[in-house]
Amino acid sequence: MEKKPKQETIVENIKEAFFHNRKYALAKDIYTATDYDNYQSLAMAIRDRLIERWILTQQRYHDENCKRVYYLSLEFLPGRLLENNIINLDLEAECKQAMDELGFDMYDLYEQEIDPGLGNGGLGRLAACFLDSMSTLGIPAAGYGIRYDYGIFKQKIVKGAQVEVPDEWLSLGNPWEFERPEYMLKIRFNGKTVHRVDKDGRFRVDWIDTNDVLAVAYDTPIPGYRNNIVNNLRLWSARSTAEFGLDYFNDGDYIKACENKILSENISRVLYPSDSVSKGVELRLKQEYFFTAASIQDIIRRFKMHNKDFKLFPEKVAIQLNDTHPSIAIVELMRVLVDEEDITWDDAWEITVKTFAYTNHTIMEEALEKWSVQLLANLLPRHLEIIYEINKRFLQEVSVRYPHDLGKLARMSLVEEGFDKKIKMSYLSIVGSHSINGVSALHTELLKTTIFRDFYEMYPDRFNSKTNGITQRRWLRKANPDLSKLITDAIGDGWITELTELKKLEGRVGDKAFCEKWQTIKKRNKVKLAEYIKNETDVIVDPNSLFDVQVKRIHEYKRQLLFAFYLISEYLKIKNNPSVDVLPRTAIIGGKAAPSYAMAKLIIKFINNVANVINNDPSVKDKLRVVFLENYCVSLAEKIFPASDLSEQISTAGKEASGTGNMKFMLNGAVTIGTWDGANIEIAEEVGEENIFIFGLKAHKIAELWAKGYVPSEYVRKNPVLEEILRLVNEDFFSQFEPGIFKPIYDALMWHDQYMVFADFGDYLRAQTRVKEAYKNCGEWAKKSILNTANSGKFSSDRTVREYATEIWHVL
């Protein structure tokens with residue numbers, strides 16, 4: 001690695017670049033520049049330092065004709081990039097000095113950056129962590145996705161309810177991206193297929209009369225940590241092939257003149273258009289095909305620059321499907337190989353299977369995508385034909401392997417029969433990939449024994465587990481600088497690239513001075529978060545209270561209702577006995593609900609109504625506070641994790657594939673209260689069950705209870721606290737001015753309780769009692785906190801990506 005220039009030289013270069021960018025790139029001066037302009041001026045100075053490394057990295061990949069990894073994901077959630085890039089380039093001290101000398105505060109500049117609206121939750125954040133790790137590990141790789149104009153949405157809380165407004169994250173420009181109009185590609189939809197025999201007697205299919213859309217590439221550099229390697233994230237934006245209908249305009253039909261442009265560009269407007277209407281379902285399929293087709297074209301173009309024989313394709317290309325959203329890429333590669341590259345079906349299929357690997361992220365039935373045959377026939381007629389051919393050949397293979405087992409044939413078919421036939425995209429992903437992985441040990445085991453059991457029996461060697469991970473460079477080094485410094489002073493900075501080095505912190509648990517410093521930093525982070533809460537919600541919280549946090553996507557299986565019911569129980573305890581010994585607690589909740597998910601949105605409303613009652617009751621003022629932080633995103637998460645004491649990971653056992661929020665809390669010294677689910681199990685194994693609070697039914701016990709017949713009301717009858725909470729909900733105690741609004745929650749729990757809130761409620765209360773007793777002993781809690789951080793080494797995305805690279809992609 002080249003020697004770093006003197007700090008004074010770098011500082012002067014940064015100052016010079018700052019002024020140059022502000023004047024010549026933005027045409028601003030000291031009088032006209034806004035705060036965002038000043039942020040952009042520094043961002044472009046850092047970006048320019050990435051570009052040379054970026055170009056050299058890509059040139060080396062071309063020169064070596066090395067195997068590359070392509071990570072296809074409908075979501076990427078990178079968070080703010082300026083500080084992260086400065087850290088990875090080892091320019092923190094120089095940038096701070098340069099900005100200090102110019103009269104700017106670095107924190108203020110960082111706060112100007114808008115979070116990119118490219119994802120929603122854990123799926124997108126995982127993809128971003130993986131890109132960071134791939135660059136840091138020196139893996140030749142690129143990410144592919146969609147450049148959404150408005151993200152998923154910006155969440156506002158109005159009268160306690162979620163209101164969705166457009167996330168205009170691009171309105172002021174994005175200094176990190178580069179438009180690549182030279183890589184504009186044509187993507188086809190609709191049309192029809194024509195079957196023919198060519199002059200050599202080969203069966204051929206032409207896809208004609210299509211409606212076309214253009215895909216424009218936007219590139220963002222992804223630097224590794226201080227290794228001069230910069231990989232690429234390529235996002236596709238939709239453009240119309242006919243920008244403007246001049247004939248219509250001249251005839252006075254001004255709307256029609258722009259109609260084609262509007263309809264085409266809707267493809268990259270928003271993430272996850274509502275699937276409650278047919279047009280939304282069609283748009284989602286269009287999005288998935290749009291970005292995968294563009295990506296396959298781009299990958300093949302790059303392959304053909306240095307290779308002619310497609311049999312080498314799997315030796316030069318590894319494509320990882322991040323969940324089922326990109327699975328249509330399997331069919332698209334087959335179409336290109338067979339229809340455009342004149343490769344025989346058998347050879348094309350062998351190439352395809354060797355190229356693709358599939359990561360499954362859920363066993364939830366509603367999240368395993370299925371596309372209507374009718375919709376596919378209209379939108380992608382050639383692809384439907386290919387899917388039918390794949391299915392026919394696959395079922396022939398099944399029938400040979402399992403003769404006379406008609407039930408297995410029906411269960412394993414890619415086609416779901418019925419009035420509205422559907423294609424099971426998860427099944428397609430399994431059949432068309434050489435590797436299928438779950439994202440935690442339990443999740444993988446459930447895949448093999450439940451929803452994909454038949455496939456596991458047929459292809460046992462394809463299934464494997466890759467427990468998710470997070471990048472410590474963002475979630476500790478960047479998000480928690482004071483704790484990072486304390487750790488580095490104690491054990492060195494090796495943990496930044498090898499997280500298992502944190503294990504050395506175990507030797508500091510008995511060091512009283514170290515523990516006190518640890519506690520001081522936690523308190524300082526809590527004070528900062530308390531200030532943020534006061535500014536954003538006008539609720540005053542006590543930094544000396546237990547910060548009890550549940551931040552994640554709002555979904556019934558994640559059981560935000562279980563947490564809310566516990567908070568109500570604490571409220572009732574205080575109300576019924578004002579002198580009762582309770583642990584002062586601040587409950588912090590955040591997360592978005594899908595716009596069409598009515599129950600999840602009602603849960604947000606319920607939490608806010610409960611918070612309103614508790615926070616306005618003077619009798620509980622110093623003992624309990626509840627806040628819902630709107631518009632949960634990466635930059636907000638970076639404020640929350642360092643300040644958290646208790647991490648709520650309370651999903652119904654067997655429903656959470658892995659979780660990565662649990663790892664971020666753990667890394668920052670929060671202690672987990674959780675079910676035996678997802679990565680909670682592996683966290684417990686690493687930290688020891690004495691340093692985590694596990695409760696609730698395990699997955700196999702839940703299955704047994706359902707089989708015997710689960711009656712939610714029996715649990716209510718046996719638990720007076722639960723009975724009282726349900727009575728208050730039913731009698732509109734939390735909705736006095738909106739009577740009946742929470743009746744759907746009451747009915748769903750009393751008569752169904754699909755996610756067993758009632759079954760786990762009693763044990764959850766007992767676990768919270770254990771938390772209370774543990775937190776009262778400050779010294780012992782500090783030790784638990786340190787031990788959680790010390791044993792988080794397994795959960796680095798570097799470890800996860802290294803496993804993918806050696807065992808699936810074969811690039812290390």
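The crossing of helix 1 and helix 4 is right-handed, that is, the near helix is turned clockwise from the far one by less than a right angle. This is a predicted model, where local features need pLDDT of at least 70 and side-chain atom pairs count only at pLDDT 80 or more, while totals for chains, interfaces and linings use all residues. Residues are numbered from 1 along each chain as its sequence is written, and side-chain values use heavy atoms, with hydrogens and water left out.

**Stop one: helices 1 and 4.** Select residues 7-25 for helix 1 and 92-102 for helix 4. Helices here are DSSP runs of H or I, at least four residues, and strands are runs of E, at least two, numbered from the N terminus. The two axes (lines fitted to C-alpha atoms over the stretch in contact, with angles from 0 to 180 degrees between N-to-C directions) come within 9 Å and cross at roughly 55°. That makes helix 1 oblique to helix 4; angles under 35 degrees are roughly parallel, over 145 roughly antiparallel, 65 to 115 roughly perpendicular and the rest oblique. Show side chains at the contact (heavy atoms within 4.5 Å): helix 1 brings residues including I10, F18 and F19, and helix 4 brings residues including A98, M99 and L102.

**Stop two: helices 22 and 23.** Now pick 560-576 and 598-615, whose axes come within 10 Å and cross at roughly 15°. That makes helix 22 roughly parallel to helix 23, and the crossing is left-handed. Among the residues that meet are L561, F565 and I568 from helix 22, and F606, I607 and V610 from helix 23.

**Stop three: the cores.** Jump to M134, F290 and W809, the residues with the most contacts inside the largest nonpolar core, which has 168 residues. Such a core is a set of buried Ala, Val, Leu, Ile, Met, Phe, Trp, Tyr and Cys residues joined through side-chain atoms within 4.5 Å. Helix 9 (residues 278-304) gives the most to this core, eleven residues. Around M134 you'll find contacts including V69, Y71 and W809. Apart from this core lies another, of 69 residues, among them L562, V610, L728 and L749.

**Last stop: H555.** Look in the loop between strand 17 (546-551) and helix 22. Is H555 buried or exposed? At 8% relative accessibility, H555 counts as buried (under 20% relative accessible area, with exposed over 50% and partly exposed in between; 1.4 Å probe, protein chains only). Its contacts include M364, E366 and Y755.

Conventions: Lists of a residue's contacts leave out its neighbours within four places in sequence.
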